[in-house]
Amino acid sequence: VSYALIIARDALPELKRLDFWLQEEAFDELEELAEDPPHSSGIRPYRMIRLRDDTVEAVILHLWVDTAAATITLLGVDADIPPR
Amino acid sequence: VCAATVHQAAKLCAKNVFLPQSDNCSGVAKRWRNLSSRTGHAKIAGPHQEFYMQAVDLLPAGDALPEQMIQRWVAAALTEAAALRDLDDQLYPATEDPVPLDRARRLHAMWEQWAEQTEGLLQRIASRGEPTQARKDVVQLRQENSWARALLGRTPRMILERLEKVREGDVVTIEEARRELRSDHCP
């Protein structure tokens, strides 16, 4: 069963702060999660990591999983990305 | 050519390097879960916590740490992080109930303490130079530390406020979000 994906409007500016390629990676991760969703409801951080030019780009997607409604909502995005 | 097209093409050629979450610590974390369920303790983290979280400052100053010592201390840090991650579902309660909110605040405080100690450890490790920095366990510890730092910027209260707005319907679909973000790159 795949879940519907919803994005909190306030999460959009946070996504925009990521490099474009990282935004796309985040969307890809969300879509994969929606295809294979967690089994329990709740809010949890989803950790995403990418290596680029030897620097670690760590991103946290704050997700609210609602199994009853079959939805995954992106509540916020936090990142720890070293300055280039 | 817009960035979206370039990105899609790049993905076809070669995926970005992805470092999967290591399972190095899962055995230790599992043993701790078994132990705590048998004893009925509802502790926030593992039994080694007081050791790691308070002992990094005691590492001998000045000298470069020996490789074997680095291995042990990095393993302790990663085990600690794995134990804390077992409690991820308590980091952001979806309710104003003070009990889960208090647990969440304590958990955030523990992550903060872990990150402080880990940054101290990583600084000591950095003095050993490139080969040590490139060790798989050290790279993994840097990842964990980056996640912890990212996490600490978001309090349980901030997530509760965001959740409230979502419940009021202040949301967009993923298609709308993609369109809006791509329009910034493909005007």
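A crossing of two helices is left-handed if the near helix is turned anticlockwise from the far one by less than a right angle. That term is needed for the contact between two chains in this predicted model.

Helix α2 (residues 20-35) of chain A packs against helix α9 (residues 174-185) of chain B at an angle of about 165 degrees, and their axes are 11 Å apart. Because an angle over 145 degrees counts as roughly antiparallel, α2(A) is roughly antiparallel to α9(B). The crossing of α2(A) past α9(B) is left-handed. On the chain A side, the contact is made by A:F20, A:Q23, A:E24, A:F27, A:D28, A:L30 and A:E31. On the chain B side, B:I174, B:A177, B:R178, B:L181, B:R182 and B:H185 take part. In general, an α-helix has 3.6 residues a turn, so residues three or four places apart point the same way.

The next helix is α4 of chain B, residues 67-85. At 1.5 Å a residue, its 19 residues should span 27 Å, and the end C-alpha atoms of α4(B) are 27 Å apart, which agrees. Helix α4(B) is mostly covered, with 14 of its 19 residues buried.

B:E144 lies in helix α7 (residues 136-152) of chain B. Is B:E144 buried or exposed? Its relative accessible area is 7%, and because buried means under 20%, B:E144 counts as buried. Leaving out residues up to four places away in sequence, B:E144 touches B:L78, B:A81, B:R85, B:W111 and B:W114. B:E144 and B:V74 are 70 residues apart in sequence, yet their C-alpha atoms are 11 Å apart in space.

B:R135 sits in the loop between α6 (130-133) and α7 of chain B. With a relative accessible area of 19%, B:R135 is also buried. Apart from neighbours within four places in sequence, B:R135 is in contact with B:E67 and B:Q71.

The last stop is a loop in chain A. Most residues other than glycine have a negative phi. A:A70 is not a glycine, although its phi is positive, at about 55 degrees. Where does A:A70 lie? A:A70 is in the loop between β3 (55-66) and β4 (71-80) of chain A. Its relative accessible area is 23%, and A:A70 is therefore partly exposed.

Technical notes
Residues numbered from 1 in each chain as written. Chains lettered and ligands numbered in written order. Predicted model: local features only at pLDDT ≥ 70, side-chain atom pairs only at ≥ 80, totals over all residues. Heavy atoms only, no water. Helix = DSSP H or I, 4+ residues; strand = E, 2+ residues; numbered from the N terminus. Expected span 1.5 Å × (residues − 1). Buried < 20%, exposed > 50% of the residue type's maximum accessible area, 1.4 Å probe, protein only. Axes fitted to C-alpha atoms, helices over the stretch in contact; angles between N-to-C directions. Parallel < 35°, antiparallel > 145°, perpendicular 65-115°, else oblique. Contact = heavy atoms within 4.5 Å.
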